[in-house]
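My entries follow in the order I made them.

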Amino acid sequence: MTTSTRKRVLVAGGAGFLGSHLCDRLLSEGHRVLAIDDLSTGRRENLEHLRLHARFAFREHDVTRPLPAGLDVDGIFNLACPASPPHYQREPVQTTLTCVLGAHHLLELARQCGARLLQTSTSEVYGDPAVHPQVEDYRGNVSPTGPRACYDEGKRCAETLCFAYLRQHQTPVRVVRIFNTYGPRMQPDDGRVVSNFIVQALRGEDLTVYGNGEQTRSFCYVDDLIEGLRRMMDADAEGPVNLGNPQEHTVAELAERVLALTGSRSRIVRRPLPADDPKRRKPDIGQARRLLGWQPSVSLEDGLRETIAWFRERLGLPPERSIFLPAVAVAVAAEAATATATATEGPCESR
Ligand code: UDP
């Protein structure tokens, strides 16, 4: 699937945070897009702006069930799975099946159509890693029975299925391992650290740091990640390839940054560390650099500013009711206005 040719693309998980941004990107390149999503964590509102788009269609569908009959596509992106720990742990059976059966149904479609499939795997395949930073040939440190296993092992098995289809049926597959990603369209109740801290800071609530806050993550802005997905779909190698931002931060540091950027007077409080919470995480992106010529370009500060501006609107916080310090409030209000203007001028035509 190259950007110069117009294709029919299926985005499984298309109503989610990443899926909806990917739909925007594919439509802006001129492709026809069918998004499917069971709306368990995805939201219709993420696709509302595409409702009347001539080259876009949405169908509510759970990928653990057989796919609708008669689908014929050139490319498939599989992003169908809840990705936030509290969400994927809520129904662990369904999470496991979504990873495994979902990948199976989509790979079978790819085989039948001769389509290329890009599987979004995860840094969770490395578990609580004993190798740092994480390189693709590190095999990971995952509990097969712990609370995160439904997602971690499900995603590992989905990778296995991709390479089994490649070996047995020569199905063209691409596998990326996505590290922590943030940006507009994360849900306020997503439960992940960036959205939690921003929402808490904007509402004047305590910021909940789990454990001592010394655990690390590396945060990639959504636009950078989508660029990586697009390049990988067109790449000559199957992967797996890590996609993420190699800048590593402690969770405590992130809390301080969010407080500074929102101007919030919220307090930072400690909460128990969830079971099996990885202590360190940082991608080695050497492969992505070599194979895709890709590396993130948005700094944590710029990405957080964009995300904070989006959440302010999403939470319905007008500048006058702001808890911001005056100088910061003016700057952020101006950014929110710019973000709105950009969104309404978006790349997708409508009928
Ligand atoms: N975390 C936190 N406070 C929160 C949410 C998460 O301290 O309100 C921590 C969590 O324990 C983990 C890190 O932030 O160490 C990243 O968590 P997240 O759920 O965003 O994603 P993960 O990388 O664990 O999948």
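**Overall counts.** I started with burial: 47% of the 351 residues of the protein chain count as buried. The model is predicted, and I keep that in mind throughout. I then looked up the secondary structure and found 10 helices and 13 strands in the protein chain. Next I checked contacts with a separation of 6 or more: residues 24 or more positions apart account for 80% of them.

**The open sheet.** I traced an open sheet of seven strands in the order β3-β2-β1-β4-β5-β6-β11, with parallel pairing. Its edge strands are β3 (56–60) and β11 (241–243), and each pairs on one side only. From one strand to the next, the twist averages 20°. I then zoomed in on one pair. Strand β2 (residues 32–37) is joined to β3 by five bridges in the parallel sense. There I found valine 33 opposite phenylalanine 56 of β3.

**Helices across the sheet.** Helix α3 (residues 92–113) lies across β1 (8–12), β4 (75–78) and β5 (116–122). Its direction is at about 170° to β4. Helix α4 (residues 149–169) lies across β5 and β6 (173–178), and I read about 155° for its angle to β5.

**Valine 100.** I picked this residue in helix α3. For alanine 158, I noted a C-alpha separation of 5.3 Å from valine 100, although the two are 58 residues apart along the chain.

**α5 against α9.** Two packed helices are described by the angle between their axes and the distance between the axes. I looked up both values for this pair. Helix α5 (residues 193–203) and helix α9 (residues 300–314) pack at about 55°, with axes 10 Å apart. α5 and α9 are therefore oblique to each other. The crossing of α5 past α9 is right-handed. On the α5 side, I listed Val194, Ile198, Val199 and Leu202 as making the contact. On the α9 side, I listed Thr307, Ile308, Phe311 and Arg312. By class, this contact of α5 with α9 has six nonpolar, one polar and one charged residues.

**α5 against α7.** I then turned to helix α7 (residues 251–262). The axes of α5 and α7 come within 10 Å and cross at roughly 40°. That angle makes α5 oblique to α7. α5 passes α7 in a right-handed crossing. From α5, I noted Val193, Phe197, Ile198, Ala201 and Leu202 in the contact. From α7 come Val251, Leu254, Ala255, Val258, Leu259 and Thr262. How do the residues of the contact of α5 with α7 divide by class, and how many are charged? I got 10 nonpolar, one polar and no charged.

**Strand β8.** My last entry is on strand β8 (residues 207–210). In a regular strand the side chains alternate between the two faces of the sheet. Which residues of β8 are on the covered face? I found Leu207 and Val209 there, with Thr208 and Tyr210 on the uncovered face. β8 runs parallel to strand β13 (residues 268–271), and four bridges join them. I looked up one partner: threonine 208 is bridged to valine 269 in β13.

Notes
Residues numbered from 1 in each chain as written. Predicted model: local features only at pLDDT ≥ 70, side-chain atom pairs only at ≥ 80, totals over all residues. Axes fitted to C-alpha atoms, helices over the stretch in contact; angles between N-to-C directions. Helix = DSSP H or I, 4+ residues; strand = E, 2+ residues; numbered from the N terminus. Parallel < 35°, antiparallel > 145°, perpendicular 65-115°, else oblique. Left-handed = near helix turned anticlockwise from the far one by under 90°. Contact = placed C-beta atoms within 7 Å. Nonpolar A, V, L, I, M, F, W, Y, C, P; charged D, E, K, R; others polar. Buried ≥ 20, exposed ≤ 12 C-beta atoms within 10 Å, placed from the backbone. Pairing = 2+ DSSP bridges.
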